[in-house]
Amino acid sequence: MRTRSVLISGAGVAGPTFAYWLARHGFRPTVVECAQGMRSSGSPIDVRGRAVSVAEQMGIMPQLRAAATEVTGLNFVSDSGHQVGSIPMQVMGDSVELPRFDLATILLEAARDKAEFLFEDSIATLHQDAGGVDVAFEHAPPRRFDLVIGADGLHSRTRRLAFGPEGEYVRHMGVWVATMPVDDLTLDQHKVLLHNSPGRAVSLHPGRGKTMAAFMYRGPGDENFDHRDTTDHKCRLIEAYTGAGWRVPELLQRVHEADDLYFDSVSQVRIDRWSTRRVALLGDAASCVSLFGDGSTLAMAGASTLAQALAATPADHTAAFRHYEREHRRLVAPKQRAVGQATALLIPASRFGIAARNAATRLWPLASSLQQLRRALS
Ligand SMILES: Cc1cc2nc3c(=O)[nH]c(=O)nc-3n(C[C@H](O)[C@H](O)[C@H](O)COP(=O)(O)OP(=O)(O)OC[C@H]3O[C@@H](n4cnc5c(N)ncnc54)[C@H](O)[C@@H]3O)c2cc1C
């Protein structure tokens, strides 16, 4: 049987993982990525659960561990910077937390010699027929592929071309997020600091000399929002945080000058089917859980499941897509349901909510010790 060609749009987390596994299973992957090289966003993200075994099988756990942050806890701080609550963030088992940029780079390096990569390009149009998909690129000459996989993130163009406009599938979760590197701020490498005012949170997250500031605030969706308009993002952020205490004024000054600001709506993708004929969706494009829910872990796990499904029935991609969707939805669904809890914990809406959360975190060690004592006695 002839080797099947697969075009993957997006070289973030899902795309290179999928390319790696497809090549291992004897397919011919091509990855098209609109950015010049690797992703720039350095927000710390987690690799845990199923993604750890995927990474182990790829032989990249040593690189992931070497790039991992040393964070062990999250401290809630007052306007004056005093600790008013805390949550342990000890990583479980073999899981690691590392900057998103490092994860994407390590995955890309693992897939680099196994797939063809087209950087600074993007799919312009897609036309499917019974035998394949004709793809026009923005720059490269047109080509025909057996299958096309959209791993191009929350604002997936592949999804828009094959499934319809973003508004039908992307749900705003009532929160906006911005991140910005502040590498020159020196912090205790073991503690994330988080300051709240009602409906707003600001955090400083250390990671091996790379510190990331994150702003998360509650606010309604806006259908006129353009995720590429940085000037508008700066205005929105400065307006939302005016009057907030702690180190916020200093951070807003940096927002003014920032040339690497990420800003977006915290959203989920809910779509009834992840494939249509020869095109399927993967990672955030299919099922973004929002930043509060193991998106990178799910992206790696989904990529491995889809590659295995295609390898099991190489002549029947419809059956493979069905199998992948059935299996992977089981992991995604509970994560999508849990987002409300994370929002309540990290961004309480009122002063009372902030005080109650802080008090509760001070009681957790006691509750956990009682639980251990009870276990020991029984
Ligand atoms: C601020 C923030 C914090 C987060 N924190 C966590 C966390 O703590 N834990 C966690 O597990 N997850 C976290 N996530 C989520 C996690 O980053 C994503 O779920 C994960 O990266 C999804 O991987 P992906 O490959 O599907 O998409 P992405 O990583 O978004 O990659 C998509 C790729 O497609 C490319 N692309 C986009 N459009 C096109 C196009 N038209 N043509 C070609 N290429 C294109 C992009 O440049 C990008 O490289 C966070 C996300 C954000 C935004």
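1. Let's start with the inside of the protein. Helices α8 (284-287) and α9 (295-312) each supply at least two residues of the lining of the largest cavity. The largest share of that lining, three residues, comes from α9. Please keep in mind while reading that this is a predicted model.

2. Here is the cavity itself. A search of the whole structure turns up one cavity of 30 Å³ or more, and the space in the largest cavity comes to about 40 Å³. Its lining is made of Gly-283, Asp-284, Ser-287, Cys-288, Val-289, Gly-295, Leu-298, Ala-299 and His-328. By class, these lining residues are four nonpolar, four polar and one charged.

3. The axes of α9 and α10 come within 8 Å and cross at roughly 155°. Because angles over 145 degrees count as roughly antiparallel, α9 is roughly antiparallel to α10. The crossing of these two helices is right-handed.

4. Helix α6 (residues 230-241) packs with helix α7 (residues 248-257) at an angle of about 170°, their axes 10 Å apart. The two are therefore roughly antiparallel to each other. On the α6 side the meeting residues are Lys-234, Leu-237, Ile-238 and Tyr-241, and on the α7 side they are Val-248, Leu-252, Val-255, His-256 and Glu-257. Sorted by class, the contact of α6 with α7 has six nonpolar, one polar and two charged residues.

5. Helix α1 (residues 14-24) and helix α4 (residues 100-111) pack at about 25°, with axes 8 Å apart. That angle makes α1 roughly parallel to α4, and α1 passes α4 in a left-handed crossing. The contact joins Pro-16, Thr-17, Ala-19 and Tyr-20 of α1 to Leu-107, Leu-108, Ala-110 and Ala-111 of α4. Seven of these contact residues are nonpolar, one is polar and none is charged.

6. Which residues lie nearest the centre of the second largest pocket? They are Glu-166, Val-170, Asp-222, Glu-223 and Phe-225, out of 16 residues in the lining. The elements that give two or more residues to this lining are β12 (170-181) and β16 (262-269). About 320 Å³ of space lies in the pocket. Its lining divides into three nonpolar, seven polar and six charged residues.

Definitions and conventions: Residues numbered from 1 in each chain as written. Predicted model: local features only at pLDDT ≥ 70, side-chain atom pairs only at ≥ 80, totals over all residues. Heavy atoms only, no water. 1 Å grid on protein atoms, 1.4 Å probe; cavity = no way out; pocket = protein on both sides within 12 Å on 5 of 7 lines; lining within 4 Å. Points joined across faces, edges and corners; volume = space filled by probe spheres on them. Helix = DSSP H or I, 4+ residues; strand = E, 2+ residues; numbered from the N terminus. Nonpolar A, V, L, I, M, F, W, Y, C, P; charged D, E, K, R; others polar. Axes fitted to C-alpha atoms, helices over the stretch in contact; angles between N-to-C directions. Parallel < 35°, antiparallel > 145°, perpendicular 65-115°, else oblique. Left-handed = near helix turned anticlockwise from the far one by under 90°. Contact = heavy atoms within 4.5 Å.
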